[in-house]
Amino acid sequence: AEDVDLALGAGGLEELGDLRRRGDRVADDAAADVAHDVGDGAVGGIAGQLDGCIAVDGSGTALTPCLIWMVRRADDDLADLRRQPGNDFFRSRTGANLDGSHMAPKARWLLSHGRDGARSLRFHQPVSYLVERLTGEAVMDHGHASTSLVYDLKMGAYAGDLLDLFGLKAAQFPRVGRSEISVATQGDDSH
């Protein structure tokens, strides 16, 4: 895999070069490695840090570089939600604090700032992005979904009222599944 240079400047984390193209190449290299290393009867899994956000088009191709957890650009756009319904509401429903490190605030920021995210069909966390790139399935596990700020812990699903607060729809997120589900079989042309 290729190292991607990032610089922390006055405007926050700024992308250098064409990260989308480079990110796609990294994902393609990972897919080739998995195809080479996973033989008959073997299984593979993907693990990674959560709370990033990548906007993708209908084919799963990244439209934006990944806004990793420490990119807090969305914090300034949460004043309305901090006033009403407030942090306690989000913590009680989602188990997470209302802050710009989570996926829904990042997606809202991408949509509201007219970036390529405004053209997105779906938003991914880094792990679910790689799952889709490797398998063609847009899916994330409950643990990753639970940090999005639109996943209700009691329901075990995305909640319409939480999505509405961010101006988002469930279809803009990968479907939620168990972490141990099989999303593809090596050599299966249906994915």
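**Figure 1. Buried residues of helix α4 in the predicted model.** In α4, the buried residues are M103, A104, P105, K106, A107, R108, W109 and L110. The model shown here and in the views below is a predicted one.

**Figure 2. The largest nonpolar core.** This core has 29 residues, and the members that touch the most other members are F123, V150, Y158, F166 and L168. Two elements, α4 and α7, each give two or more residues to the core. Helix α4 supplies the largest share, 5 residues.

**Figure 3. Surroundings of Y158.** Y158 is among the core residues that touch the most other members. Leaving aside residues up to four places away in sequence, Y158 touches M140, A145, S148, V150 and Y151, and also L163, A170, F173, P174 and V176. One of these contacts, V150, is listed with Y158 among the core members that touch the most others.

**Figure 4. T94 in helix α3.** T94 lies in helix α3, which covers residues 87–94. T94 counts as buried because its relative accessibility is 3%, and buried means under 20%. The side chain of T94 reaches two backbone atoms: the oxygen of F90 at 2.7 Å and the nitrogen of A96 at 3.1 Å. Beyond residues up to four places away in sequence, T94 touches S146, L149, Y151, L153 and L162.

**Figure 5. Salt bridges of D75.** D75 forms a salt bridge with R72, in which the closest N and O atoms are 3.0 Å apart. A salt bridge also joins D75 to R82, and there the closest N and O atoms are 3.6 Å apart. D75 is buried, with a relative accessible area of 16%. Both arginines are classed as partly exposed, R72 at 39% relative accessibility and R82 with a relative accessible area of 37%.

**Figure 6. The salt bridge between R175 and E137.** The side chains of R175 and E137 meet in a salt bridge, at 3.7 Å from N to O. R175 lies in strand β8 (residues 175–177), while E137 is in the loop between α5 (126–135) and β5, so the pair ties together parts that are 38 residues apart in sequence. R175 counts as partly exposed at 42% relative accessibility, and E137 counts as partly exposed at 22%. Elsewhere, salt bridges that share partners join R72, D75, R82 and D99 into one network. In the whole structure, a search finds 8 salt bridges.

Definitions and conventions. Residues numbered from 1 in each chain as written. Predicted model: local features only at pLDDT ≥ 70, side-chain atom pairs only at ≥ 80, totals over all residues. Heavy atoms only, no water. Helix = DSSP H or I, 4+ residues; strand = E, 2+ residues; numbered from the N terminus. Buried < 20%, exposed > 50% of the residue type's maximum accessible area, 1.4 Å probe, protein only. Polar contact = N/O pair within 3.5 Å; in protein donor to acceptor, adjacent residues only side chain to side chain. Contact = heavy atoms within 4.5 Å. Core = buried A, V, L, I, M, F, W, Y, C linked by side-chain atoms within 4.5 Å. Salt bridge = Lys/Arg side-chain N within 4 Å of Asp/Glu carboxyl O.
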